[in-house]
Each structure stands twice: as structure tokens, then as C-alpha cells.
Amino acid sequence: MTPGLTATNGMKEQLLNRIKDRTAVVGVVGLGYVGLPLAMEFAKAGFKVVGYDVSERAVQSLMAGHSHIQDVPTEDVAEQVRLGRFVATTEEARLRDCDAISIAVPTPLSKSRDPDMSYVEAATLAIARNCRAGMLIVLESTTYPGTTREVLQPRIEEKGLVVGQDVFLAFSPERVDPGNPTWHTKNTPKVVGGVTPNCTEVASALYSACIDTVVPVASAEVAELVKLMENTFRAVNIGLVNEMAIVCDKLGVDVWEVINAAATKPFGYMKFTPGPGIGGHCIPLDPLYLAWKMRTLNYRTRFIDLASDINSEMPEYVVRKVARALNDDQKSVKGARVLVLGVAYKKDIDDMRESPALEVMRMLEERGAIVVYHDPWVKSFREHGVTHEGVALTNERLQQSDVVVIVTDHTSVDYQAVADHAPLIMDARNAMSRTTVSKARVVPLSAPS
Ligand code: SAJ
């Protein structure tokens, strides 16, 4: 070590230099839709990357040069494996070879809708068992403010290492939007907040090596809250437009006309659209992490709670409109042949997590309907141990259905054919706005009088 450099500076300078000359080995824990793209960016930036995942199947597939993530081309994985720049493993001991480790594991909610930190804790313990002086650890998983300092730091320091001196610890929120054609890991600005200023400096240097824009912030808590702010903003505004859909329905006004006209305002407005509820692993869940944390501090986050209430009522709102529409055709829900069109949680992706379509289908079946679905992105899915197979979208299928419920409006669906052959359509996404006059009776999300 250079004389005169303190342990802290020594460790920090040493790591900064290894990042600068790309001799640092970078670990990524969790090779999913966040971790795998990140691992590829580190590898393309010239680092040797150790990808650690508990899934033997994912690791074997990656080492065979295949990508299991929609946004990561298989040829990228194959090349980085061939070049020896990326290796995937289930052996946690390989983490000991790393100088920097990013954690990108799930942070779901438990059955009691509280944060399930089990994946973060397991990853932290695996790293703590293999941690050594000079290492940088960055948590990327969306979580409540305080997690990095309260959950990770003690476990790392149990090994006798001091965060900010011997090891460096930071939070950097993942901002991956699966399927987004424009924004991906490399060109999406990356917020980075360390437990200490030295931690912020080292983590910023690491991400600056492979991401175009890095945004250092004062602490891990600031970085944790940035992510929750982003997604709470979305959840609250989606809740607002969903309530506007209900308001417009009661007033006999087309909510889409209101929203589209409001969106002509060139300043001070941001367009959100109503629908059958919210899905995905971010928007329905992230705000509840903040709400949970604030409850431990005896504060009730009313906006989050209200938005969550309204958004989670939307599937039933849709089902009630379907029941009323069938009733107007002198049909009951019981025994009705229902075709649900689009089940992924949002359009043009194949992800089913927390999809409102699951609630819509479950409630219709509880009322005795015979429900099938078509989704060009989801050929089949498993839920509660049952495999659901999609059906082909044919004119006969449309004609035989008592009602078609458009839950997710994938771009590739021929909505004109749906309009021409289905007798009754409940359109929760305004997909019918893309068609000309049709024979079908269309029930929109808010019924203009
Ligand atoms: N939704 C609406 N109306 C809207 C927007 C969304 O009903 O105006 C519904 C969607 O159908 C979906 C749910 O809300 O069911 C969430 O949609 P989303 O567009 O927010 O997409 P997500 O869940 O994939 O959110 C991700 C988030 N990315 C990260 O957390 C890194 C979010 O921060 C992004 O802003 C969002 O993608 C995006 O903009 O696509």
C-alpha cells in the first residue's frame, strides 16, 4: 500500500484503480430482468463478471449461451460467455473473487402484504460469508428506506469489516422497464447513494464505467426513496385516473375523451390512462413498502393507501360492468361464455405478475362464467398450481362468446376482427377506438349517456 494512505483511502484508491483499469471482478447476485442486463453491461464495459443465482436451470442455460430474459439477446450472453467475460454460477463461494457486487433479487410482498425481505437477506448472508476488505456491495432491489443501513450493514460488519473504511456499501435503484424499446440499462440514468461519502464515490465510479449517466445522491436512504417516489407517483396518478373513470361513468361521460383532451395541455399535466387495475411487480408493490415503513413510524401514508384501494377495486368494477352488459342481453354471468382478451399485466409484454386479468377471470368464474383467454404474448400460465392454456383468436371463437372482455390491449391483436365478430365487448382499455363502426355492442370503461 502506498505510504501515507490510510486504510480507508488505501482500500478506496485500490478499488477505484481496479474499476478504472477494469481489473475489478464484478459480481451480480440475481440474474433476472434486472441482474442479467446489468451483468451484460458490466461485461461489455470490460469487466470479468460473476453472475450468481440460486436457479441451477438459469445458470446452466446462461452457461450454454442462452438468455432467459426478453430484453437480453441470446447472442450477447453467448459472446460474453465465449469471451470468458461472463460466468454464471450457483456457487456462492465464487463471490469471494469479486471486488464489487450488485444485488438484484426480488422484493415481493408477503401474504400479509408486508415486505418480504427473505431474498435480500439470503443474498446479504451469502455475500457476508464471502465478503472481504476492499469490496463494494450495492443493493438494487426496490425496498423500504433504511434497508441498506439496517439490513445489509450489520451483517457485513459482523465480519469485523467497517463500512466506509474496509468495505463500501450503497443503494442504487433499478430502473428496468421490461420491453421498453427506448430505455434500457445503459442509457437510463442511474441514481447511486452510499452509506458514507466514500461508498457513494466508489459506487458511482463502478456504474459510471458502464452506464451513460450516474446521479450520486447524499445517502442510501435518498436513493431508496427516489425509487419509491417514482413508482408511488405512478400508482397515485393511475389511481386518480381510475377514479375519474368511475366519476365519468356516473356522469355518463367518456373518460377517454376527457383524458385525451386534458392531454392537449402542453404544460402542467401528464397523461395516465384508466384500466382494469394495476399489475406488475413494481407499481402495485413499491408504494406499499413505503407505507409499511411509515406505519412503523406511526404515520399513515394516505395517498398510497387510497390509490391502492382504488386501483385494487378496478377488476371488480370491470366484472360488474360485464355482468350488467350480459344482463342487458337477458343473459346471466352464470354459464356465460367469456373470452378475456389480453392477460399480461400491461400491453406488449409476456409478464403475468399481479396482472389484474387474474382477478377479473377469477371473479367471473366465481360467478359461474365459462372463461377462456387469448393473449398473443402469453400462450399459457400457471397459477395456484393450475396451468391455463390460451385459446386461438378465431372468428368462430368470437361469434361463440357471449362477451369479449378486453383487459390488456396488445398492439398485435386485430381489434377490427373482434369488433366485426363478437356480439358484445367490454372494453377496459379503449382498444375499440382503433376500429371503425362495428356490429358489436361495446361497453366502455365509462359509459357515455
Ligand atoms: N397502468 C395503467 N395506467 C397507466 C399506466 C399504467 O393502468 O397510465 C397500469 C399498467 O397496465 C400496469 C400497471 O399500471 O398494469 C403498471 O404499469 P407501468 O406502466 O407502471 O409499468 P411497470 O409496472 O412495468 O412499471 C415499470 C416501472 N419501472 C421501474 O420500476 C424500474 C416504472 O417505474 C416505469 O415508469 C414503468 O415501467 C414505465 O414507465 O413503463
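In this predicted model, the protein chain is divided into two domains, with domain 1 spanning 7-218 and domain 2 spanning 256-444. Their C-alpha centres lie 35 Å apart, and the contact draws on 19 residues from domain 1 and 17 residues from domain 2. Between them, domain 1 and domain 2 bury about 1,400 Å², with 59% of that area on carbon and sulfur atoms. On the domain 1 side, the residues that lose the most area to domain 2 are Gln70, Leu109 and Tyr144, which together account for 29% of what that side buries.

We turn next to helix packing. Two packed helices are described by the angle between their axes and the distance between the axes. Helix H5 (residues 118-129) and helix H6 (residues 147-157) pack with their axes 9 Å apart, at an angle of about 20 degrees. Because angles under 35 degrees count as roughly parallel, H5 is described as roughly parallel to H6. The crossing of this pair, H5 and H6, is right-handed. From H5, the contact involves Val120, Glu121, Thr124, Leu125, Ile127 and Ala128, and these are joined by Val151, Leu152, Arg155 and Ile156 of H6. Sorted by class, the contact of H5 with H6 holds 7 nonpolar, 1 polar and 2 charged residues.

With helix H8 (residues 220-251), the axes come within 8 Å and cross at roughly 115 degrees, and the crossing of H8 and H10 is left-handed. The residues that meet here are Leu225, Lys227, Leu228, Asn231, Thr232 and Ala235 in H8 and Asp286, Pro287, Tyr289 and Leu290 in H10. This contact of H8 with H10 comprises 6 nonpolar, 2 polar and 2 charged residues.

As for handedness, the crossing of H10 and H11 is left-handed. On the H10 side, Pro287, Leu288, Leu290 and Ala291 take part, and they meet Ile304, Asp305 and Ser308 in H11. The class make-up of the contact of H10 with H11 is 5 nonpolar, 1 polar and 1 charged residues.

Conventions. Residues numbered from 1 in each chain as written. Predicted model: local features only at pLDDT ≥ 70, side-chain atom pairs only at ≥ 80, totals over all residues. Heavy atoms only, no water. Left-handed = near helix turned anticlockwise from the far one by under 90°. Helix = DSSP H or I, 4+ residues; strand = E, 2+ residues; numbered from the N terminus. Contact = heavy atoms within 4.5 Å. Nonpolar A, V, L, I, M, F, W, Y, C, P; charged D, E, K, R; others polar. Domains from an automatic or database assignment. Buried area = accessible area lost by both parts, 1.4 Å probe. Axes fitted to C-alpha atoms, helices over the stretch in contact; angles between N-to-C directions. Parallel < 35°, antiparallel > 145°, perpendicular 65-115°, else oblique.
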